[in-house]
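Please consult the sequence and the three-dimensional structure shown below. The briefing that follows treats strands, sheets and the packing of helices.

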Amino acid sequence: MVRARAFRRDAFREIRRTLPRFIAIVAIVALGTAFFVGIKTTNPDMKATAANYFAETGFYDFRLLSNVGFTEADVEALRGVEGVTGVQPADSLDAVVRVGSSEKVFRVESLPDADGPMPGTAASIDRPHVVAGRLPTASGECVVERNTLADIDYAVGDRIHLTSGDGSDLAAKIATADYTVVGIVETPEYVSKDRGTTTIGNGVVSSFVLVPLSDFRQTVYSGVYVAMANPTGARAYSAAYDDLSAVVKVRLDALSAEQAPRRTLQILSDAWDAWRAASAEYDRSAYDARQQMSDAWAKIADGQAKVDDGRAQLAAAEKSAAARFASAGKDLAAGRAAWQSSETSYEANRAAFDAAVAQAKQLGDYDAQKPAFDARQAQLDAAQAQLAAGKAALDAQVATLAKSKRDAAAAFAATKATLDASQSDLDQGKKDYATQKADADQKLADGYATLMDGRAKLDDLPTATWYVLDRSTNVGYVDYGAAADRLDAIARVFPVLFVLVAMLICFASMSRMVEEQRTYMGTLKSLGYSRLRIASKFLLYAFSASVLGAAAGLYFGFEFFPPTIYHAYSALYTIPNLVLLFDGPFAAAALAAGVAVTCGAALLVAFEELASTAATLMRPRAPKPGRVILLERIRPLWRRMSFTWKVTARNILRYRARFLMTVVGVGGCTALLLVGFGLRDAVKTIVDEQYGSLFLYQATVTLQDGATDAQRAAVKTAVEAETHYAASLDRRIESVTVSAGDGGVSMDASLLVPADPAGMAPFIVLRDRVTQASIVLGDEGVVLTEKLAGRVGLKAGDAVTLTDADGKSVRTKVTAVTENYLRHFVYMTPSLYARLYGSAPVDNSILVDLTVRSAEAQQTFSKTVVTTGGISSVVLTSDNVSKFDDSMKSIYSIVLVLIFSAGLLSFIVLYTLTDINITERTREIATIKVLGFFDREVASYIFRENLVLTLAGVAAGLLAGSPLSHYVIGSAEVDLVMFGRRILPASFAEAAALTLAFSLAVTFAMVYRLRRIDMIEALKTSE
Amino acid sequence: MDREPRPDFIVLQDVHKTYRVGEQEIRAVDGVDFTVGRGEFAIVAGASGAGKTTVLNLIGGMDHVTSGCLSVDDRVVSGLDARRLTEYRRNDIGFVFQYYNLVPNLTALENVELATEIRREHLDPKTTLEQVGLGDRLQNFPAQLSGGEQQRVAIARALAKNPKLLLCDEPTGALDYQTGKQILTLLQDTCRRTGTTVVVITHNLAIAPMADRVIRMKSGRAESVTENPAAKSVQEIEW
C-alpha cells in the first residue's frame, strides 16, 4: 500500500514536471470528445425539443383530406376508429391579403370552437402556442403567426382584410372578410418556413391566420385532424412512434376504404335524385308551356272565324240590298215612263184642245162648243193635276230610294270597319303567338339541354377519395427531422479527425515520456517489478489526462455545442428553445473511448519498451541512425540546397511519425478552416450568384389574377414611365410539382414562361454551372434548375412530368439543367406551353431592369409603380437579398466554432510536437549553442522544420479540405436552396494563412523554451 | 620542440562561479588563478566535483563568471554579455565533448559543415576530416562510425572553425585505451602543428606528462600548476 502511494505520488509528480504536455493531452482529448459528443447529441437534442413541443401542443398524428370534404357522418365514423382519441374537423380557405405594397396569399384555417372539438376529450389537436395576446373567442377575431417573413409583421390590434383573389364570392365561404388580430401564435403544423402552394395570387402561401371554426360557411369540412392513443408515450421521430402511427394509419385507411365509397354512393344518389326532380320539373313546365300556347292559338282561330263570318254576311246583305235597289229602280223607271207617256198624251190632248179652241174661236163655234170646251178644259186640268201628282210621287219615290241606298252603304261600311279592326287584332295576336312560341320553344330546348347536361354529369361524378396523411407528409416535421439527421452525417466526419489526432498526440507524448524514463523503468525492472506495474505509472498519467479531458469535453459537448449549432437552425424553424439532454450511457461510452484511446497508446508504448531487458533499458538508447534520404539522390537539387536546408530535409524525413502527425494535425486544422470558410462561401454564393450573375432583374411586378387588358396596359405604361426604367420582360409564373413520373421524389417548383425566350438573357441567365456555357431555351423541352433536377433525379434528355395545382399533368423532355441556388424553377417557351396546355400562356408578371443598380432606385421604383391598379405585388431584388442574408447569418456561428476548434487543434498539435522535438534534441541544441549559434540561428535551425511541416500540413489540408467541405456543405443544405459548390480562392488563402498564423504563435511561444536550454546539457551523458 | 617561454594566452585571476540552488549556494569554482600560454597543450585534472568542468565552461564562454577576471588572448571574457559570449564561442573556441555530441542525422562531413557554416574564416571541412584521418568516411553517419572515429569527427568539427583555443572535456572518457591514445595523439599533433592552444580536461593524471602545463584542481581551486618543459609524446606514455 505504501508502495502504491509512492507510485501514485511519482506519477503525479511526473504530471507536474511535464504539465504543458499533460495539458496538451487533456486538451486534445477534450476537443475530440466535445466535438464528437456535441455534434452527436445535437440531433437527439433537436428531436427531443421538437418532440416536447409536439407533445405540448398536441400536434396532429394524422391529417385527413378529401376531394369532396367531410360530413358529420364521416367525422362520427372517424371517432369510432380503434386507437383514435381525438377527431377535430377543420375548415380552411386561401385568401389574398394586401400587406404593405404587395398582395400575399394567406391560408385561413379554423380553430376549434370554444366548446371543444369532441365532447369528452380533454384537449384539442394542434393547439397554437400563444406568443402574445390571446386566442379568438368571437367571429371576426383571428390570430396570426409570429414573424414568418420579414415583411409580414402584425401586432395585436391590427386588422386584416381578406379578398378571394379569384373574383369568387368570399361571403359564401366565410362569415366575414374583416378580422382583428387578437393574438400571435406558433403552431406545430408549420415548423419550417414552407406554407405550401395555392391556386390564387402568386401561387405561394405566405402565412396563415387562425379564425373560429364557426366563421366558416362551407357545408362540409375541408379536413379532419386526428390524434391517436399513445399509451407508451412514443416520441416524435422515434421508431416506436412510426410503428404506432403505421398501425393506426392502416385502420384509418381501412375506414377510408369503407367511408369514401359510401360517400361516393351518397353523392351519386343525391345527384340522381336531384336530376330526377329536375327532369320531372322540366316535363311539367314543358307541358304547361305547350298547353298555354295551344290555348292561345285556339283563341286566335276563333276570332278569325268570326271575322270571316261577318265578312260573308256583309257581302250577302250588300248583295240583297243591291237587288232590292235595282228592282225599286226598275219600278221607278217604269213609273217614270208611264208618267212620261201620260204627260206626252196630256200635252197632245192639251195641244189638240188648244187647237180646237183656237179653231173654235176662229170658227166661232167656241160658244157652242163652250160647254164642251169647258168640260174638256176641266178634263184637261184634272189630267194636268194628275200628272203633277204623279211627278211628285215619282220624285218622292226617287228620294226614298236614294236614302235607302245611302243608309245601307253606311251600315255596310260600319260593319266592315268593325271586321277590319278585329282582323288586325287577330294579326297582332298571331304575331305575338309566334314570338312567344319561339321563346317557349327555346326555353324548353335550353331546359332540355341543361337536363341532358346534368344527366351527362351524373356519369362523371367525383369518386370520393380520402387522403390519410401522417406526420411524414408535414413539410416542417420532415424538414426539421432531416436537418437534425444531417448533423449525424457531419458527426461522422469531424470526430474521426479529432480522434485520429488525439491518438497521434497521445502516442507521441507517451513515447517521449517512456523514452525519458528508460533508466527508471530499467531500474524497476531489475528490482523485479512486473511490467504492468511499471507501465501503470504511464497508465495513471494517461488515465488522469484522458479522464480530465474527456470530462471537460463531455461538459462542452453537451452544454455548449448543441445550442451553438441549434442557433444556426433557429432562423429556419419555428420551435422553442433547445432542450439539452444528457445521455448517460452515451457519455460513458464517449468517456470510455477517450480513456481507452489514450491509455491504450500509453500501454502499447510502455510494453514495447519493457520488452527489452533491464540492462538494455538502463543503457542509453542508441540514437536513431541517420540515413541517406531520397532527396539526396537527386544530386543537382541536393547540391543546390543550402546546408541548413539539407539538415532540415534530413530531420523532417528522419522523424516520419512526427511528420505524419504534423501533417495530419495541421492538415486537419487547415481542412477544418477550409470547411468553415467553404461553408461561408457556399452561403455567400447563394445570394451573390443568384442575384449577381443569374437573376439580373431588379424588381418583379406581379399582376393580379384576372387583371383586365386595360389594367395590363396601364401597368406596363407605369413601369415604363418610371425614371430608372431600363427594360422589362413579361412572363408567366405558376406553381407546379415536378416528378420523373415514376413514383419517385417529386418537388414543388415554379414554372416560368418568358414571353420572349430569346430576350430572356438580360434578365435571367441560363447556364451550365461547371462549363459556364449558356443554355438556349427551345421549344423541344424544358430547362430545370440544378438542385431540382438533382433531387428529382432528372438530367438532360429525360422525360419529366409537371403537375399543376389543379392536378393536371403534362409530360415533356428536359433539354438542359441550369445553375441556380435559390428555389426551384422550370423554364418553358410560350409555344411549348401552348402545345402542352392547349392555350397560350397568360403573362402574370413583369421582370424589370433599372438603369441604376441600387436599393434606393428599387425602392423608388416600387413606390411609384405599386399604386397602379391591377398590380398584386412588387418584389425588389434588394429585399430578397437582405431577407436571405438575415436568415443565413446564423451559419456564421458554426463557422466561428470551426475556426476556434481548428485553432485549438493546430495549437495543441504544434505545441506537443515542438515540445517533443525540443526535449528530444536538447543535447543537439545545446551542442550547436556551444558551437556558437546565435539564438536566432538556433530557432531557425529547429523551426525551419516546423515551417516545412506546417506548409506540408497546409497543403494536405487544402487538398483534403476541399472534398470534406463539399461533403459538409452537401449535408448542411436545406431543400429550398442549393449552396455554392465552389470554394473561393481567397478562402484557401485564408485557411492557409490562419493555419500559418497559429503555427507562428506556437513558434513564438517556443522560442523562449529554446533560449532557456542550458549549454551544460551538452556535456552531460546521453540521457 | 619550441621551448621559448610563451606569452600568457588564458589568464584566470581569482575566478569564482557560484550556483544558486534554491536557498543553497554552491561554489563550483572558488577563486581559481592560473594562466595558459599561447600554443600550449594544457591539462586540467582533478577528481569529480573538483570544478574542472566549470572552469572549462567559463573559459569556453558557456557560462558567466560570478566574480574575478578571465581573459583569453587579451580579451576579457568575464564581462561579456550573452551575445558577445556567443560570438566568442563562434569565432575563438573549438569544443570537443566527452560524448562527441555529433548530430546523428548528419554525415561526418555535414557535422563539420555545421560548424563551418557559421564561421567565416573556417577551414575546408573535407581537408580537415582528411587531416584527422577520415578522408574515406566523409559520407558516413555517426552511427556508422566507431567511437574513435566519431571523436575524430568531433575534433575535426572543432578544428574546422579555425579556433584560437581548443577545449576538450574528457575526450577519451568514452573510449578504450588504444583509441583514447590515438585521439590524444591527434590533439597533441594538432597543437604542435597548428599552434592552437589546447586545454584538455581529464581525471586521468597518467596522461599529464604529455602536457606543457598541468593544472590540478581540488574543491574549486587550482591546487597546483605545473609547467612541463619537456612534454612527452603520447606514444611514450603508458597508463
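Two strands pair if DSSP finds at least two bridges between them; helices (H or I, at least four residues) and strands (E, at least two) are DSSP runs, numbered from the N terminus. This is a predicted model, in which local features need pLDDT of at least 70, side-chain atom pairs count only at pLDDT 80 or more, and totals for chains, interfaces and linings use all residues. Residues are numbered from 1 along each chain as its sequence is written, while chains are lettered from A and ligands numbered from 1 in the order in which they are written.

**Open sheet of chain A**
- Four strands of chain A form an open sheet in the order β2-β10-β1-β11, with antiparallel pairing.
- Its edge strands, β2 (84-90) and β11 (466-470) of chain A, each pair on one side only.
- Within the sheet, β1 (residues 62-70) and β10 (residues 221-228) of chain A are antiparallel and share 5 bridges.
- Phe70(A) stands opposite Tyr221(A) in β10(A).

- Strands β1 (residues 8-21) and β2 (residues 24-37) of chain B run antiparallel and are joined by 11 bridges.
- These strands, β1(B) and β2(B), form a hairpin with 2 residues between them, and Gly22(B) in the turn has a positive phi of about 65 degrees.
- β1(B) also pairs with β4 (residues 67-72) of chain B in the antiparallel sense, over 5 bridges.
- His16(B) has Asp30(B) as its bridge partner in β2(B) and Ser67(B) as its bridge partner in β4(B).

**Chain A overall**
- Chain A contains 25 helices and 20 strands.
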